[in-house]
Amino acid sequence: MSLYKVGTIVNTHGIKGEVRVISTTDFSTERFVPGNKMVIGAKNNVEVEIATVRNHKQFILLSFKDLQNINFIEKYKGMDLMVDDTQIPVLDQNEYFYHDIVGLSIINNEDQSVIGTVKEILELPANDVWVIQRKQGSDLLIPFTEQVVKEINLDDKTAKVVLLEEWVADEN
């Protein structure tokens, strides 16, 4: 059984066992639902069932069945929430999970040079933005749009992109 990260517990919230979670999944509304089972990643994975869900600012507040007390949940601060591969939905062609994209080598479509590696994905209202960790210089932010990302090859773990001139000029 493979586990996939869907969020991180960043803190507790109140004394009734709620935790603040930053979602790292495309499917937050489907994933964080009362009754769904998850695993809190630790040395000894702990299986939990979601009891309550609500949004609060940029966080999702969750409580878990049988852990509705701050004393039971505090030890999980900073740990990842994961689901097993049986809970992963089937995607249409040209759709990707975040865990498929993070780690891809980004190649300049013009000269085939390696720009860097996808470090993380930011969910923004207009579109997702890939944070590319370059070998030298600061991180590069590129929008995940058809105009920029031309090809994704999961077998080769690469993505070809078209760069704007100002991105190339800012490499160092």
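This is a predicted model: local features need pLDDT of at least 70, side-chain atom pairs count only at pLDDT 80 or more; totals for chains, interfaces and linings use all residues.

Guide: Residues are numbered from 1 along each chain as its sequence is written, and side-chain values use heavy atoms, with hydrogens and water left out.

Visitor: Why is the pair of aspartate 80 and lysine 5 called a salt bridge?

Guide: A salt bridge requires a side-chain nitrogen of Lys or Arg within 4 Å of a carboxyl oxygen of Asp or Glu. The N to O distance here is 3.5 Å, so the pair qualifies. Aspartate 80 lies in strand 6 (residues 80-84) and lysine 5 in strand 1 (residues 3-13), so parts 75 residues apart in sequence are tied together. Strands are DSSP runs of E, at least two residues long, and helices are runs of H or I of at least four, numbered from the N terminus.

Visitor: Glutamate 18 and arginine 54 also meet in a salt bridge. What makes glutamate 18 buried and arginine 54 partly exposed?

Guide: Buried means under 20% relative accessible area, exposed over 50%, and partly exposed in between, with a 1.4 Å probe and protein chains only. Glutamate 18 has 13% and therefore counts as buried. Arginine 54 has 41% and therefore counts as partly exposed.

Visitor: What makes strand 10 and strand 11 edge strands?

Guide: The open sheet has six strands in the order 10-9-8-7-12-11, with mixed pairing. Strand 10 (140-143) and strand 11 (149-153) each have a single partner strand, so one side of each is left without a neighbour in the sheet.

Visitor: What is the largest nonpolar core, and why is it given that name?

Guide: A nonpolar core is a set of buried Ala, Val, Leu, Ile, Met, Phe, Trp, Tyr and Cys residues joined through side-chain atoms within 4.5 Å. The largest has 18 residues, and those with the most contacts inside it include Ile101, Val118 and Trp130. Strand 8 gives the most to this core, with three residues. Apart from it lies another core, of 17 residues, among them Val6 and Ile73.

Terms used:
Two strands pair if DSSP finds at least two bridges between them.
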